[in-house]
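Biologist: I am new to this one. Could you show me how to read its features, one at a time?

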Amino acid sequence: LIYDLHWPVSTPFVDAIGPLAADGAPPIVALRTAKCDTIVGVDPARAKELFAVRSDWMYSGEYGVIQLSPGRRR
């Protein structure tokens, strides 16, 4: 969904999904379990807190995100 690219964690979800959020796109909701270093839409301060608590939070499978692209009507 986010093209398995190495995004900064603070990259907005809508930016990361690229053409899936283009004009005329429907709304998209993604429920994602963090199991690799490909994650977006996380506030940098929150990411720093998570790394302080658990350095492998992005890989552990114990954290996740709910993300929304509201869609764009033509």
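Modeller: Start with contact, which means heavy atoms within 4.5 Å. One caution first: this is a predicted model.

Biologist: Which residues does S69 touch, not counting residues up to four places away in sequence?

Modeller: S69 touches F13, V14, I17, A21, P26, P27 and I28. S69 itself lies in strand β2, residues 64-69.

Biologist: Is S69 buried or exposed?

Modeller: Buried means under 20% relative accessible area. S69 has a relative accessible area of 2%, so S69 is buried.

Biologist: I28 is on that contact list. What does I28 touch, again leaving out residues up to four places away in sequence?

Modeller: I28 touches F13, I17, L20, Q67, L68 and S69.

Biologist: Now the nonpolar core. Which residues make up the largest one?

Modeller: The idea is a set of buried nonpolar residues joined through side-chain atoms within 4.5 Å. Here the largest core has nine residues: I2, W7, F13, A16, I17, A21, I28, A30 and V40.

Biologist: Which elements give two or more residues to this core?

Modeller: Those elements are α1 (13-16) and β1 (28-33).

Biologist: How many residues are in the second core?

Modeller: The second core is separate and has eight residues. Among them are A34, A47, L50 and V65.

Biologist: Let me try T11. Where does T11 lie, and is T11 buried or exposed?

Modeller: T11 lies in the segment before α1. Its relative accessibility is 11%, so T11 counts as buried. Beyond four places in sequence, T11 touches A16, V40 and G41. A16 and V40 belong to the largest nonpolar core.

Biologist: And P26: where does P26 lie, and is P26 buried or exposed?

Modeller: P26 lies in the loop between α1 and β1. Exposed means over 50% relative accessible area. P26 comes out at 53%, so P26 counts as exposed.

Biologist: What is P26 in contact with, leaving aside its neighbours within four places in sequence?

Modeller: P26 is in contact with S69 and G71. Look at R73 as well. P26 and R73 are 47 residues apart along the chain, yet their C-alpha atoms are separated by 7.7 Å.

Biologist: Next, charges. How many salt bridges does a search of the whole structure find?

Modeller: The general idea first. Side chains of opposite charge can pair when their charged atoms come close. The search of this structure finds three salt bridges.

Biologist: Which residue forms a salt bridge with R46?

Modeller: E49 does, and the closest N and O atoms are 2.9 Å apart. Both residues lie in helix α2, residues 44-53. R46 and E49 are three residues apart, about one turn of the helix.

Biologist: What are the relative accessible areas of R46 and E49?

Modeller: R46 has 43% and is partly exposed. E49 has 44% and is also partly exposed.

Biologist: Which residues are linked in a network of salt bridges?

Modeller: R54, D56 and E62 are linked that way. R54 pairs with D56, the closest N and O atoms being 2.5 Å apart. E62 forms a salt bridge with R54, where the closest N and O atoms are 3.0 Å apart.

Biologist: Are R54, D56 and E62 buried or exposed?

Modeller: Take them in turn. R54 counts as partly exposed at 26% relative accessibility. D56 is partly exposed, with a relative accessible area of 30%. E62 has 58% and is exposed.

Methods:
Residues are numbered from 1 along each chain as its sequence is written. This is a predicted model: local features need pLDDT of at least 70, side-chain atom pairs count only at pLDDT 80 or more; totals for chains, interfaces and linings use all residues. Side-chain values use heavy atoms; hydrogens and water are left out. Buried means under 20% relative accessible area, exposed over 50%, partly exposed in between (1.4 Å probe, protein chains only). Helices (H or I, at least four residues) and strands (E, at least two) are DSSP runs, numbered from the N terminus. A salt bridge is a side-chain nitrogen of Lys or Arg within 4 Å of a carboxyl oxygen of Asp or Glu.
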